[in-house]
Amino acid sequence: KVRLERERRLAEEEKLLERAQRDRQARLRLERMDRKARERQLLNNRTVVLEYPNGSPQLKYRLVNGFREGMCKRWDVKGRLKEETEYSRGNKHGRVVYYYPSGQIDVEGFFSMNERFGIWEGWHEDGTPSFRSEYREGELHTWEQFGENEDLRTYGKVKNRFGL
């Protein structure tokens, strides 16, 4: 009878140890899942800065829930601003500006959900107008090109600036 009691106690202790082991494994699994969720949150909601090998910034943007959001900036290897583009939920949406190395504006326009939209304008590096175009539903509608001596050529849907 004493031996049976001891065997029963040992069996109960084994069950308790097994249950404790399972509980510990479940707790570790939950902690690991929670840590991974926090890591995902940090990866998907942060400011991203990519740098050139010389340490100057190349690209800077903000991630919100894994999507680019707000202003995205791009620089050349010498640290001069090349581009500013607005994003919304990972799509180009809003104003975009491209710059000459001198800092003068090269092209300025707008995107609506990754498609060109509205009026786009371009300038020569000396600040004189180069072109003005209008986009509707992502398609080029009109194009005005300003040449030397301020002569103007206007193209409609049938022809574009390349005469095609």
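Visitor: Which residue in β8 is the bridge partner of tryptophan 120?

Guide: Two strands count as paired if DSSP finds at least two bridges between them, and the elements themselves are DSSP runs numbered from the N terminus (helices are H or I with at least four residues, strands are E with at least two). Here the bridge partner of tryptophan 120 in β8 is serine 133, and the two strands concerned, β7 (residues 115–123) and β8 (residues 129–136), pair in the antiparallel sense over six bridges. This is a predicted model, in which local features need pLDDT of at least 70 and side-chain atom pairs count only at pLDDT 80 or more, while totals for chains, interfaces and linings use all residues. Residues are numbered from 1 along each chain as its sequence is written, and side-chain values use heavy atoms, with hydrogens and water left out.

Visitor: Which residue takes a positive phi in the hairpin of β7 and β8?

Guide: Glycine 127 does, with phi near 95 degrees, in a hairpin that has five residues between the strands. The hairpin of β1 and β2 also has five residues between its strands, and there glycine 55 takes a positive phi near 95 degrees. Strand β1 (residues 46–51) and strand β2 (residues 57–64) pair in the antiparallel sense over six bridges, with arginine 46 standing opposite leucine 63 in β2.

Visitor: How many residues lie between β8 and β9 in their hairpin?

Guide: There are two, and glutamate 137 in the turn has a positive phi of about 55 degrees. Six bridges join β8 to the antiparallel strand β9 (residues 139–146), and tyrosine 135 has leucine 140 in β9 as its bridge partner.

Visitor: How many helices and strands does the chain have?

Guide: The chain has one helix and ten strands, and along the sequence they follow the pattern α-β-β-β-β-β-β-β-β-β-β.

Visitor: How many salt bridges does the structure hold?

Guide: The general idea is that side chains of opposite charge can pair when their charged atoms come close. A salt bridge is taken here as a side-chain nitrogen of Lys or Arg within 4 Å of a carboxyl oxygen of Asp or Glu, and the structure holds nine of them. In one of these, arginine 38 pairs with aspartate 34, the closest N and O atoms being 2.5 Å apart; both residues lie in helix α1, four residues apart, about one turn of the helix. Glu5, Arg8 and Glu12 are linked in a network of salt bridges, and the side chains of glutamate 134 and arginine 136 meet in a salt bridge as well (3.1 Å, N to O).

Visitor: Which parts does the salt bridge of lysine 73 and glutamate 84 tie together?

Guide: The side chains of lysine 73 and glutamate 84 meet at 3.8 Å, N to O. Lysine 73 lies in strand β3 (residues 67–75) and glutamate 84 in strand β4 (residues 81–88), so the pair ties together parts that are eleven residues apart in sequence.

Visitor: Is glutamate 84 buried or exposed?

Guide: Buried means under 20% relative accessible area, exposed means over 50%, and partly exposed is in between (1.4 Å probe, protein chains only). Glutamate 84 counts as buried because its relative accessibility is 14%, whereas lysine 73 is partly exposed, with a relative accessible area of 31%. Of the 164 residues of the chain, 21% count as buried.
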